[in-house]
Amino acid sequence: MTISRRVFVKSGGLALFSLGLDPLFLARAALASNRLSAQPPDRPVLVCLFQRGAVDGLNMIVPHGDPLYYRERPRIAIPAKDLVDLDGHFGLHPSLAPLKSLWDNKSLAAIHAVGSPDSTRSHFDAQDYMESGTPGLKSTSDGWLNRYCRHDQEHADTAFRAVAFGPQLPRILAGTSPALAIDDLQAFGLRVPQEGARDKLTRAFEELYDGAATGLLASSSQEGFAAIQVLKRVNPAQYQPANGAAYPPGRFGRSMLQIAQLIKAGVGLEIAFADLGGWDTHINQGSSEGQLAARLRELGVGLAAFAQDLGEGMRNVVVLTMSEFGRTIAENGNSGTDHGHATAMLALGGPVNGGKVLGRWPGLDPASRFEGRDVAVTTDFRDLFGEILARHLGAPDLGAVFPGFSPSPQRFPGAIRV
Amino acid sequence: MRLRVLTVWLALALPAALGAQALTPRDSALHALNRLAYGPRPGEVDSVARVGVMRWIEQQMAFERLPDVLLAEREHDFKLLDYDREELAQRYGEALRQRREMQREMARSGDTTRPRGAGPMRELRELGGDLQQLAVVRAVLSERQLREVMVDFWANHFNVFVGKGADRFLTPSYIEETIRPNALGRFEDLLIATAKSPAMLFYLDNAQSVAPGSSPPGPLSALRRGGTQRRVPTGINENYARELLELHTLGVDGGYTQQDIIAVARIFTGWSIDRPQRGAGFAFHEWAHDRGEKQALGVRFQGGGMEEGVRLLKLLASQHATMHHVSRKLCARFVSDDPPDGCVDAAVDAWHRSSGDIRAVLRAIFTSPDFWAPQALRAKVKTPLEFVVSAVRAAGAAPDSTLRLAQVVSRLGQPLYLQPAPTGYPETQAQWVNSGALLGRMNAAVALAAGRLPGASVDLDDVVAATADHALLVDAVNARLLSGTMSAHTRAVILAQLADVNDPVQARTIAVGLALGGPEFQRQ
């Protein structure tokens, strides 16, 4: 059925374009009409967190065993006495101390020196490449998480398969597969006090868009109305985190809480996305305390609360942090760091090969630096993302997700236990 | 005189340019009001059609001659406009002091509940609200609609983030003194104005960029250097240089290298800001400037000095890549998300001929066949700002002077002056259309129709009379609020929804809510 629809889209798309119906809409509509409301089984979940602005990987996962680290960062290095040591060479920023127990029970790993083969130091370009999954190629119109959804249709059966928390759908989930952008689960839907009147108005708008909308307006509204039906059942206003989990105040904490809620509700969530900003620390970055420390604290507390809230449920969940690039090895003249190259990412969850700093560490020695100043990339981000898609979500065809690249098991950093 | 001749020529030339697919005068009036303005107010399509759309466009271009009394009166409500940059800087300083005292107090008492703070902190917050709401009020009320659209375009093109430190108090003067006076002037002047603006210098860190090894003169600064804080910067910062080339001028494919970026950053060393106590104005710090020779974009810069930066900006403004990059973005705003080459080429041509006169470039776009092509009509989805402002205008509603209407725009996904990335907001629909945001728009439309939209007062009696005759009602809603764009399907759905509604006022509320929240009104 799906195949015949796709053929229809392919052959009819061009002709219909002139009528104002673009192929993107048709593909989304075809998928949307394919959904069932049946409760899916216990499926693996991937939560992607984007640290926008380029996190300083060296102060997040600190190579304290390397004297060059302290020499290059006289004002902003994390003193050894404040660090949470991991393996004698690397340590966690003190703000990430809430994650230490997860490291100890082997469900947290760090991947160092990961990044893009493209050398750009532009936030915009680098984020774009990390989300499109095609470094160096600007013309890719969709994101790699969306392409994964499109090429693994086994799970394309619920409105909540792929959800981004925020007012807009991010680039990473843009594309022909349906994906939801939700700012707040509780406010999702039409705000009319009486249930009867609300249902009636919802139906009226649904009909309006069903008949008169074209393009993205049509497919997006369809996704929205399908989601309203499911949420009616879930009743997010009643949610209480389990095991005494305390999420940090603010947008990020709320996103993590609502992701946990959707996972527990069994609505078929497979991909969740949230982002958190404030990492572009050019000036007065701080050390054990300060600007970066405050952002990392929010991240650490949020991740720890999420793991605690889900408890046993973490056995099927992988949380992956990512950031467009790292920052310069040396601090700059403003007690900050400038745009660099490789950075560190975190993987958390039951399937994670935890308790290790993964990836080949290139060292801080000037001879092994990228362009003489930055941490070199030894793991292409597509090898890490690809490994998680293949070994955690069971993606059958990574070539379709990362066109022009073939992630190879030999190069996988080993983030997922096999 | 020349203008009048041109106008007559345009009025004559337009139908010919459109050929067989000529639009009716009402169609073209609606199209122009959708793109050059924030949508029509009730009856405005007819009035523009009567004047003649090309004449109306020329009136909008020559905005200085359009009276704008209502808005001028309204601007008195905004305390923000009574303060200049120095006064705002002072208030910012007071707010910071208050916050520090509060933090000390909190540390002493161990009380971590954050009080909202009265006095300077509160005043600063209110001024920040003023800034956002003023943009919404101007967009709704101004007769000089094209100018407001262009102010929004340039403020987004030369994006700054009001949430970053000193930009909290520098952004108001950025909008009033840097963007607004130059919005329909010459691109080069606008570019230089942004480069010298304290808001941009702070936002993209150029204020902190100094030649390596340089240090400020005078015993005071030496003292500060030796102190514990060491706030004096000691190296170049490439941030502004990179975004200047990538976003403001040449574009990411504009053919420059990392070496160019470094050279540009060196040229701008010393372009900085006075201390807040002295008003935080533009200052060129001779001591911080790198006087060495630089090679940027194949041109040699020798001898140093502030003039070097101005020379570079003029060079950038006259590059073909800049003309193409900015023209294409203008066409993406005015014509379609992925604009045809024809209108872009016409804009670039006009740019060449006029040395970057923004009016000439816009005129080339507005007279290009691509602008008036049938596939351009309603081809663009409104941004959240455009949706909210056009809905308020369509319903003949009045915005109040509180922050609330701007907060509606924020909730729909476009918090004004709060885009942290230097890219600004995209000009394309993929950014704005998703299921959550669409439901938000439906909610806003229903609230506006019921008179419950925060920050807008509406009296629908002035727009559509309440009547028990549903067919008459829906036709009036179509004519007055949707300018006749309602599809037969939408009409049928609204009528079905009204079937069991007996109260004429309630019926009108439902019809207007569905019309403004429906698919037709999301497009322009």
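Two residues are taken to be in contact if their C-beta atoms, placed from the backbone, lie within 7 Å. The structure is a predicted model, in which local features need pLDDT of at least 70 and side-chain atom pairs count only at pLDDT 80 or more, while totals for chains, interfaces and linings use all residues. Residues are numbered from 1 along each chain as its sequence is written, with chains lettered from A in the order in which they are written.

In B:Ala347, leaving aside neighbours within four places in sequence, the contacts are with B:Ser327, B:Leu330, B:Cys331, B:Val361, B:Ala364 and B:Ile365. B:Ala347 and B:Ile365 touch the most other members of the largest nonpolar core, which has 279 residues. Such a core is a set of buried Ala, Val, Leu, Ile, Met, Phe, Trp, Tyr and Cys residues joined through C-beta atoms within 7 Å; buried residues have 20 or more other C-beta atoms within 10 Å of their own.

Chain A has 418 residues, of which 55% are buried. Its secondary structure comprises 13 helices and 12 strands, assigned as DSSP runs (helices H or I, at least four residues; strands E, at least two) and numbered from the N terminus. Among its contacts between residues at least 6 apart in sequence, 75% join residues at least 24 apart.

Between the chains, 38 residues of chain A are in contact with 40 residues of chain B. On the chain A side, two or more residues each come from helix H6 (123–132), strand E7 (180–182), helix H8 (195–212) and helix H9 (215–234).

The mean pLDDT of chain A, the predictor's confidence in each residue from 0 to 100, is 87. Over residues 1–40 of chain A, pLDDT stays under 50.

Definitions and conventions:
Buried ≥ 20, exposed ≤ 12 C-beta atoms within 10 Å, placed from the backbone.
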